[in-house]
There are 2 protein chains.
Amino acid sequence: MINEKNLQLLRDILGREHLLTEPEELACYSFDGSGGDVPPQAVAFPKTSAQVAGILQLANTHKFPVVPRGAGSGMTGGAVPTCGGLVLGTNRMNEILEIDQENMIAIAEPGVITGELQAELAQKGLMYPPDPASLKFCTLGGNAAECAGGPSAVKYGVTRDYIIGCEAVLPTGAIITTGVRTEKGVTGYDLTHLLIGSEGTLAVFTKLILRLLPLPEAKKTFLLLFDSIEQAVDLVAKLLAEGIMPCTLEYMDQTALRIISDRLPTPLPEATRALLLLELDGSRKEVRHQSQRLHTFLRNRPLTLLEAKNDAEREELWLARRAISPATFALKPHKISEDVVVPRSKIPDLVRLTTKLARDLALTILTFGHAGDGNIHVNIMLDKNNPEEYSRGREAKKQLFEEVMKLGGTLSGEHGIGTTKAPFLPLEITPATMSLMQDIKRLFDPNNILNPGKIFPQ
Amino acid sequence: MINEKNLQLLRDILGREHLLTEPEELACYSFDGSGGDVPPQAVAFPKTSAQVAGILQLANTHKFPVVPRGAGSGMTGGAVPTCGGLVLGTNRMNEILEIDQENMIAIAEPGVITGELQAELAQKGLMYPPDPASLKFCTLGGNAAECAGGPSAVKYGVTRDYIIGCEAVLPTGAIITTGVRTEKGVTGYDLTHLLIGSEGTLAVFTKLILRLLPLPEAKKTFLLLFDSIEQAVDLVAKLLAEGIMPCTLEYMDQTALRIISDRLPTPLPEATRALLLLELDGSRKEVRHQSQRLHTFLRNRPLTLLEAKNDAEREELWLARRAISPATFALKPHKISEDVVVPRSKIPDLVRLTTKLARDLALTILTFGHAGDGNIHVNIMLDKNNPEEYSRGREAKKQLFEEVMKLGGTLSGEHGIGTTKAPFLPLEITPATMSLMQDIKRLFDPNNILNPGKIFPQ
């Protein structure tokens with residue numbers, strides 16, 4: 001735990017105004033997108049790698065926990081203290097250090113907000129594809145720690161596909177640099193990828209080197225309505241096999257559709273049981289060409305196709321997708337929100353499972369998410385203040401994870417494990433593999449000061 | 001070292017016919033694509049993960065070296081023994097275990113030949129993109145160990161972008177499973193990527209889970225001839241910024257062109273100083289559309305464009321590229337062949353540097369390779385039996401690496417470090433980072449039995 005002397009030393013490293021210690025300030029750092037209620041003892045806002053190194057050295061010597069935090073928008077408790085200690089907020093390390101247009105590379109500090117980088121890049125005709133739902137406030141560092149995804153992953157991949165190198169500080173205070181600032185590189189062990197998705201348990205990112213793409217010139221949006229979930233999933237597989245590669249391929253199940261139906265500008269046909277939101281991007285000509293291919297492909301298939309003719313109509317089609325999250329809370333005050341992945345072809349099995357779980361356990365469960373890559377957001381709605389209902393919700397989560405394993409899936413596509421899924425890790429990771437992961441944790445962090453209590457079952 | 005009793009135990013594990021011990025057999029395993037001349041004491045061909053585990057347990061107990069080997073086509077000594085011991089050939093673990101067409105996933109053993117997998121997949125309309133020059137004989141396991149690339153990397157990426165999980169055996173004999181068989185996944189540490197490119201020093205792959213793409217329906221090939229290397233490189237940057245994404249974008253410098261000129265069916269124009277081989281792939285319509293865009297883009301630019309109208313003409317255009325490697329040996333009996341990467345915009349600087357090195361050190365140096373990603377093959381031609389010339393060659397290599405670092409580049413894009421680049425690793429990797437990599441090696445392999453003498457300076 002941090003004592004008064006440690007606080008003084010932290011103030012010496014950071015300057016007084018970059019350390020919070022008042023209880024009402026600390027309360028803001030006791031939770032993330034998944035909830036939480038353990039406040040830290042202090043919150044530090046370093047400005048430089050050297051300050052981060054100083055903080056970690058101090059923590060390592062005096063053995064107090066350090067919890068790295070970006071915007072706190074994570075969904076699995078990654079940025080929430082488990083036993084007090086210091087929250088290390090990267091928010092004041094928020095400079096875009098370089099945009100190399102010619103080589104399509106950017107270098108940025110971890111506190112840069114993902115959407116702000118994207119806006120800056122768009123002005124130069126460039127794109128950093130990862131687009132988590134929280135992109136207007138989440139940070140690059142948090143995205144790297146969790147290996148964030150988003151709707152565009154179906155075409156463009158996730159955070160790990162765009163971070164090619166970094167500077168990071170180890171729990172001992174050593175500053176390492178990993179990876180390259182070139183398109184290719186295989187020089188020593190791939191520490192970059194080891195750190196990405198390690199949920200702030202191995203090192204603190206202080207600089208990120210990002211690979212960029214040219215910004216697509218145009219985008220076209222479609223809404224596809226189906227009479228059954230099987231038809232929707234079958235279409236997704238055929239579409240991708242055909243080589244039509246949308247940059248968005250989001251789906252919603254019947255329960256999700258039911259709860260948003262009264263929030264839509266135009267009512268959906270009565271028989272709609274599943275919906276796909278599909279977008280194409282590229283040069284204007286390419287998008288026109290791909291749209292023609294899509295129309296040809298969809299002809300004579302049993303579905304209703306709506307097409308956005310302009311930005312206003314595009315916005316209207318997105319309303320359906322965006323309405324889900326707020327709408328869920330009209331059902332119940334809380335939810336257990338999971339981001340499991342199954343092989344794409346198994347999505348109907350997963351939806352059948354959630355329907356069965358909802359019936360068996362008398363819960364409302366809805367699914368939506370990224371149909372193109374099988375990454376489905378399962379929302380189990382409940383009232384945590386009703387212990388009996390909460391217990392049924394937890395039972396649904398447990399059965400969900402067990403079945404996802406049987407379907408050849410994984411516990412998390414883009415949210416990570418954190419604390420909320422840690423007890424379930426042994427369902428997916430074998431003892432030998434888990435033991436190796438824990439050895440790596442001990443190697444990096446012998447005193448277990450960096451984000452303790454995360455990923456591994458306690 | 002392996003004693004007679006160890007050999008007997010190895011025969012017990014493998015069966016007599018899967019262990020080679022005759023000197024003339026062992027000689028074939030004393031080198032790879034980079035040369036080498038240290039034969040192993042024995043060569044084992046396990047068939048199962050359990051046998052690999054048995055071999056490694058034995059080696060770990062009796063502390064003899066084990067050198068994993070695919071086809072031995074590596075370019076940096078990765079599969080060459082440094083101090084005898086056992087070569088573990090994966091060639092008899094060569095089954096394609098599963099091709100899941102619907103989810104575009106394959107599972108294969110490490111000894112599967114990359115080109116054979118690709119041919120098998122092509123019949124099902126699928127593609128595994130990594131295409132090292134050796135694809136007709138190299139293996140998936142070797143590709144994974146080195147993170148192999150190839151011409152298609154400019155559009156499709158390298159091996160690390162397509163291996164999403166694996167089974168591997170640790171030096172202690174423990175069998176681990178990493179990653180997922182879904183498109184996304186972030187569950188525990190990314191051991192898959194830690195193992196890819198670790199050059200057989202951390203574990204032996206026994207199964208690989210591969211992500212596949214739909215096979216493009218069509219391909220179109222162009223040859224672009226320029227009066228200067230700067231024009232060629234400038235065009236590459238503008239082309240990619242335009243969003244035209246070739247699946248091949250290979251370049252050759254003037255020296256490379258000179259040596260192949262008499263092997264081409266049609267002579268190149270006198271003024272040609274650089275050449276780009278460019279291919280577009282996709283659906284037939286897409287390729288037609290992209291070709292039109294390319295023509296529009298190239299109009300009024302100072303270059304000569306040749307276009308393959310059919311397969312025979314395509315083959316003719318590829319002759320130029322394929323002729324280089326054999327042609328180099330008409331110049332000198334040996335070469336130092338490096339695969340450095342620089343930021344794309346720095347290719348002209350790199351070519352100027354090699355021209356200067358060639359002049360200053362009285363050597364013939366030619367460059368060719370992957371212009372789209374800045375991964376340039378620098379061939380320093382020499383006669384190793386001429387000690388003075390060999391010494392100048394080594395000096396050129398040293399200066400090349402030093403300058404590549406100044407240009408923001410990396411030592412290796414796709415060949416790895418092995419033994420041939422190990423002394424130069426400190427040019428790129430800082431002491432703190434190297435120390436962490438070596439700690440990881442010790443954690444995985446406390447007795448240093450697995451591929452000792454590789455990657456790190458000795």
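**Close-up views of a predicted model**

**View 1. The end of chain B, around B:Pro457.** In this predicted model, B:Pro457 sits in the segment that comes after α15 (431–444) of chain B. Is this proline buried, exposed or something in between? Its relative accessibility is 31%, so B:Pro457 counts as partly exposed, since the buried label is kept for values under 20% and the exposed label for values over 50%. Setting aside residues up to four places away in sequence, B:Pro457 touches B:Ala422, B:Pro423, B:Leu425, B:Pro426 and B:Met434. Now look for B:Pro387: it is 70 residues from B:Pro457 along the chain, and the two C-alpha atoms are 23 Å apart.

View 2. Find the loop between β14 (274–282) and α10 (284–298) of chain A, and you have found A:Ser283. This serine has a relative accessible area of 10%. The cut-off for buried is under 20%, so A:Ser283 is buried. Which residues does A:Ser283 contact, once neighbours within four places in sequence are left aside? From chain A there are A:Glu217 and A:Ala218, and from chain B there are B:His289 and B:Arg293.

**View 3. Helix α4 of chain A and its buried face.** Helix α4 of chain A covers residues 114–123, and its buried residues are A:Thr114, A:Gly115, A:Leu117, A:Gln118 and A:Leu121. Why do they line one face of the helix? Looking down the axis of α4(A), the buried residues fall within an arc of 155°, so they line one face. What do they pack against? The partners, which are in chain A too, are the strands β5 (96–100), β7 (126–127) and β10 (204–211), plus the helix α5 (140–146). After α4(A) comes A:Gly125, which has a positive phi, near 75°.

**View 4. Stepping back to see chain A as a whole.** Chain A is built with 15 helices and 18 strands, and its C-alpha trace spans about 70 × 60 × 45 Å along the principal axes. A compact globule of 458 residues would have a radius of gyration near 23 Å, and chain A agrees because its own value is 23 Å. Of those 458 residues, 62% count as buried. Take the contacts between residues at least 6 apart in sequence: 73% of them join residues at least 24 apart. As for charge, chain A carries 48 positive and 54 negative side chains, and the centres of the two sets lie 3 Å apart.

Key:
Residues numbered from 1 in each chain as written. Chains lettered and ligands numbered in written order. Predicted model: local features only at pLDDT ≥ 70, side-chain atom pairs only at ≥ 80, totals over all residues. Heavy atoms only, no water. Buried < 20%, exposed > 50% of the residue type's maximum accessible area, 1.4 Å probe, protein only. Helix = DSSP H or I, 4+ residues; strand = E, 2+ residues; numbered from the N terminus. Arc of directions from axis to C-beta. Contact = heavy atoms within 4.5 Å. Rg over C-alpha atoms; globule rule 2.2 N^0.38 Å. Lys, Arg positive; Asp, Glu negative; His and termini not counted. Charge placed at Lys NZ, Arg CZ, Asp CG, Glu CD.
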